[in-house]
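Good morning, and thank you for coming.

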Amino acid sequence: MANYHNLKVFKYEHPTANIKAEYQNRFNSPTSIITNLKINPMRKGIKQATVFPLFLLPIQEILRLQDQIQQNSTEITKLMAELPGIASSQMFLNTLSNEIRSTNEIEGVKTTNKEVNQAIAAAQNRSEEKSRLQSFAKMYLKIQNRENLQIRSLEDIRKIYDFLLAGEISPDRIPDGKLFRNRFVRIGNETNTVHLPKEFEADFSPDLIDWISFINDDTVPFLIKTFIAHYYFEYIHPFNDGNGRTGRYIACVYIGYKLDPMTAITFSSEINKNRNKYYSAFQEVGDERNMGEITFFVLEMMKILAKGQIALIQKFRENSRRLDAIGATLKRTFTDENVREVLFIYAQSFLFNDISDGLEDRELQLATTNIANTKTRRILDSLTKDNILEVTKHSPLTRKLTQDFLVKNDLE
């Protein structure tokens, strides 16, 4: 199937071919995955009355990518386990911060590194301040523990939405039906209507029930199921606002549960980098000429996910090499073993989470179990006095390596 294309392209390539016969060949193939999820396709911005069930052919490239993604996940898990403790935790927090910022950015919701870092700190109970995005961060942190979602009812979807987006939806955009929206929405831009979801809650609720049945069907390979389910949630568009963020969160949880947390929390950031491909693939599924085939959307999503994994693996390896170099530099520069240990921990924070404020003193004390707390504090104060560390926050007391120290030791 080297030249396997969607039906719209197939028609251009074979102008005299019987397209309905080709559709039937694909749909009725012994390997075809036929879902219970039905769509009304679009033609020139107008929703059609015809109905097609979504189906997928597991072409060779999809099978190859499934295998690659699994192997990448195994490698990421191995690399994460090999990192020192602070480097590992900071790598996760850095990736999570990028993920939260990206999933908002896709929807045009601007968030700063500072806001996201504050939200994560509050969600981890490291700060007593209430923060915007705190619930959002708390939900995403569950992925680190590989917690799975149990979605068995329509009410379960609404509970996820309410907790995830607490304080993030403007009053005029909150659900106006019993559980979901109950008014007209349009997906697209000023000049192009990509999709017109069903207008009323009573009309699309049966589709959500079908979606729940589908995500709980273990006969469908999990990556294929995840991306088909992701498409269909966006297709139904059950809320006035927050559909994208909710749908991506649900997909992240399933990916993190089946693969690894780091792969999961690169999902939105990679979509953000490949938005045009994502939107184009979404639109192609709904094109009437493709008759409900979702093969190429799933294929594109797998490519995006694998691309994020590869970037993550490269980042692991590069930062690990730099950390080894910093360790060697510290060994040459500082004779006191305890000072070297403290600075090596701050180097981990700098390399693996360059958008953070650094480490709280209490985090450092937990990491230096071989050094008495009073001695750790004296070392920290001395290094701060010598302009090797700088205080970035006073409550809780937080420090990081100074720019002068990084430049002087060629560690930027």
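The model is a predicted one, in which local features need pLDDT of at least 70 and side-chain atom pairs count only at pLDDT 80 or more, while totals for chains, interfaces and linings use all residues. Residues are numbered from 1 along each chain as its sequence is written, and side-chain values use heavy atoms, with hydrogens and water left out.

I turn to the chain as a whole. The protein chain contains 18 helices and nine strands. Its C-alpha trace spans about 80 × 50 × 40 Å along the principal axes. Of the 412 residues, 54% are buried, where buried means under 20% relative accessible area, exposed means over 50%, and partly exposed lies in between (1.4 Å probe, protein chains only). The protein chain exposes about 19,500 Å², with carbon and sulfur atoms supplying 49% of that area; accessible areas come from the Shrake-Rupley method with a 1.4 Å probe, and for residues only the protein chains shown count as cover.

A contact here means heavy atoms within 4.5 Å. Among contacts in the protein chain with a separation of 6 or more, 67% are between residues 24 or more positions apart. As for charge, the protein chain has 54 positive and 52 negative side chains, and the centres of the two sets lie 1 Å apart. In that count, Lys and Arg are positive, Asp and Glu are negative, and His and the chain ends are not counted; each charge is placed at NZ of Lys, CZ of Arg, CG of Asp or CD of Glu.

Next, the annotated region. An unreviewed UniProt entry places the feature "domain: Fido" at residues 152–300. UniProt positions are given in the numbering used here, feature names are shortened, and annotations may be inferred rather than shown by experiment. The span 152–300 is 58% helix and 3% strand, and its end C-alpha atoms lie 28 Å apart.

Which residues does the UniProt annotation "binding site" cover? According to the unreviewed entry, they are D241, G242, N243, G244, R245, T246, G247, R248, Y278 and Y279. I will take two of these in turn. G244 lies in helix α10, residues 243–258, and is buried, with a relative accessible area of 4%. Setting aside neighbours within four places in sequence, G244 is in contact with E107 and E234. T246 also has its place in helix α10. Is T246 buried or exposed? At 0% relative accessibility, T246 counts as buried. Apart from its neighbours within four places in sequence, T246 contacts I160, Y161, L164, L165 and F233.

I187 counts as buried because its relative accessibility is 19%. Residues up to four places away in sequence not being counted, I187 touches N192, T193, V194, H195, P197, E234 and H237. I187 and E234 are 47 residues apart in sequence, and their C-alpha atoms are 9.6 Å apart in space.

I now move to the strands later in the chain. Two strands pair if DSSP finds at least two bridges between them. Strand β8 (residues 389–394) pairs with β9 in the antiparallel sense over five bridges, and E390 has K400 as its bridge partner in β9. A hairpin through two residues joins β8 to β9. P396 lies in the loop between these two strands, and the peptide bond from S395 to P396 is cis, with omega near -5°. Strand β9 (residues 397–401) is also joined by two bridges to strand β7 (residues 359–360), and the two run antiparallel. There, E360 has T398 as its bridge partner in β9.

D361 lies in helix α16, residues 361–367, and is buried at a relative accessible area of 6%. Beyond its neighbours within four places in sequence, D361 is in contact with Y346, R377, L380, L397 and R399.

Finally, some backbone geometry. Most residues other than glycine have a negative phi, and most peptide bonds are trans. R146, in the loop between α6 (134–141) and α7 (154–164), has a positive phi near 55°. N387, in the loop between α17 (373–385) and β8, has a positive phi near 60°. R146 is partly exposed at 36% relative accessible area, and N387 is partly exposed at 37%.

Definitions and conventions
Helices (H or I, at least four residues) and strands (E, at least two) are DSSP runs, numbered from the N terminus.
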